[in-house]
Amino acid sequence: MTITSSSWFSKFHQSIKSLSSWFEWVGLLAMGAMCLTTLIDVIGSKGFQRPLPGSTELTGVLQVVAIAGGLAFSKIDGRHIRVDFLLDWLPNRGEAALDIFSSILGLGFFAIAGLMTFQYGLSIHDNNTETLLLKIRLSPFAFWISLCCIPMCLVIVLDLISSIDRMLR
C-alpha cells in the first residue's frame, strides 16, 4: 500500500482542499467587490463627474485579499506555472526527485513569507499605518497574507508527500 492511497492521507487531502476552498471564496468575494468598486467609480466619474473617493486604495487592498486568498486552491487545481518540457526528458524517479526538491523550496519560501508578513503586520499595526485617503488600516491585510500562507504550505506538504510516494514506487 502506498502513502497516498491510505485513509489518513485522503482525509488530510480533503480537509486541506476544503480549507483552501474557503480561502478562495473569500478571495472571489474580494474580486467581486473590486469589480463593483471599479464599476461605481467609472459610472460616477464618466456619468456624473463624481468619481468614487479612494477607489484606487480600496481596489489595492481588495487585490491583496483576492490574490492571497486564491494561492492554495490554484495550486491544488494545477493553475500555477510549471515548466514541463524539462521534466519530459527525466525518468519517473528523476521527475519525482525534482518535485521533492521544488516542494521543499516552495515550502521554505511560503513558510518564510508567512512569517515575514506576520512580522510586517505587527510592525505596521504598532505604527498605526493606514491608507492616505480612506484611512484603512493596513495591518489586517498583512495578517491576511500571512494566514493565507498556511494552507499554501499545507498544500505543498501534500505535494511533497505525493512526490516521496512516487519516488518510493
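# Reading helices, burial and contacts in this model

A: Let's start with a single side chain: Trp25 has a relative accessibility of 54%, so Trp25 counts as exposed. Please keep in mind throughout that this is a predicted model.

Q: Happy to start there. Where does Trp25 lie?
A: Trp25 belongs to helix α1, which covers residues 7-47. Since exposed means over 50% relative accessible area, the 54% of Trp25 puts this residue in the exposed class.

Q: How do α1 and α2 cross?
A: For a helix pair, read the distance between the axes, then the angle, then the hand. Helix α2 runs over residues 55-69. The axes of α1 and α2 come within 7 Å and cross at roughly 160 degrees. Angles over 145 degrees count as roughly antiparallel, and α1 and α2 are therefore roughly antiparallel to each other. As for the hand, the crossing of α1 and α2 is left-handed.

Q: What do the axes of α1 and α6 do?
A: The α1 and α6 axes come within 10 Å, with a crossing angle of roughly 150 degrees. That angle makes α1 and α6 roughly antiparallel to each other, so they go into the antiparallel class. Their crossing is left-handed.

Q: And at roughly what angle do α5 and α6 cross?
A: Here α5 spans residues 92-126 and α6 spans 139-168. Their axes come within 8 Å and cross at roughly 165 degrees, so α5 and α6 are roughly antiparallel to each other. The hand of this crossing is left-handed.

Q: Which side chain does Asp99 contact?
A: The partner is Arg166: a polar contact of 2.5 Å joins the side chains of Asp99 and Arg166.

Q: Let me turn to backbone angles. What is the phi of Gln49?
A: The thing to look for is a positive value in a residue other than glycine. Gln49 has a positive phi of about 55 degrees although it is not a glycine. Gln49 is found in the loop between α1 and α2, and with 64% relative accessibility it counts as exposed.

Q: What about Asn128: where does it lie?
A: Asn128 lies in the loop between α5 and α6. Its phi is near 55 degrees, again a positive value in a residue other than glycine. Asn128 is partly exposed, with a relative accessible area of 46%.

Q: Where does Gly54 lie, and is it buried or exposed?
A: Gly54 is in the loop between α1 and α2 and is buried, at 10% relative accessible area. Its C-alpha atom is separated by 30 Å from that of Ala72, 18 residues apart along the chain.

Q: And which helix holds Leu62?
A: Leu62 sits in helix α2. With a relative accessible area of 15%, Leu62 is buried. From Leu62 to Lys75 there are 13 residues in sequence and 21 Å in space, C-alpha to C-alpha.

Q: Last topic, the cysteines. How many disulfides are there?
A: To call a disulfide, the two cysteine sulfur atoms have to be within 2.5 Å. By this rule the count is 0 disulfides. Cys35 is in none, and the nearest cysteine sulfur to it, that of Cys148, is 18 Å away. Cys149 is in none either: its nearest cysteine sulfur belongs to Cys153, 6.3 Å away.

Q: What are the relative accessibilities of Cys35 and Cys149?
A: Cys35 has 49% relative accessibility and counts as partly exposed. Cys149, at 5%, counts as buried.

How values were computed:
Residues are numbered from 1 along each chain as its sequence is written. This is a predicted model: local features need pLDDT of at least 70, side-chain atom pairs count only at pLDDT 80 or more; totals for chains, interfaces and linings use all residues. Side-chain values use heavy atoms; hydrogens and water are left out. Buried means under 20% relative accessible area, exposed over 50%, partly exposed in between (1.4 Å probe, protein chains only). Helices (H or I, at least four residues) and strands (E, at least two) are DSSP runs, numbered from the N terminus. A polar contact is a pair of N or O atoms within 3.5 Å; within protein, one must be able to donate a hydrogen and the other to accept it, and residues adjacent in sequence count only if both atoms are side-chain atoms. Axes are lines fitted to C-alpha atoms, for helices over the stretch in contact, and angles run from 0 to 180 degrees between N-to-C directions. Angles under 35 degrees count as roughly parallel, over 145 as roughly antiparallel, 65 to 115 as roughly perpendicular and the rest as oblique. A crossing is left-handed if the near helix is turned anticlockwise from the far one by less than a right angle, and right-handed if clockwise.
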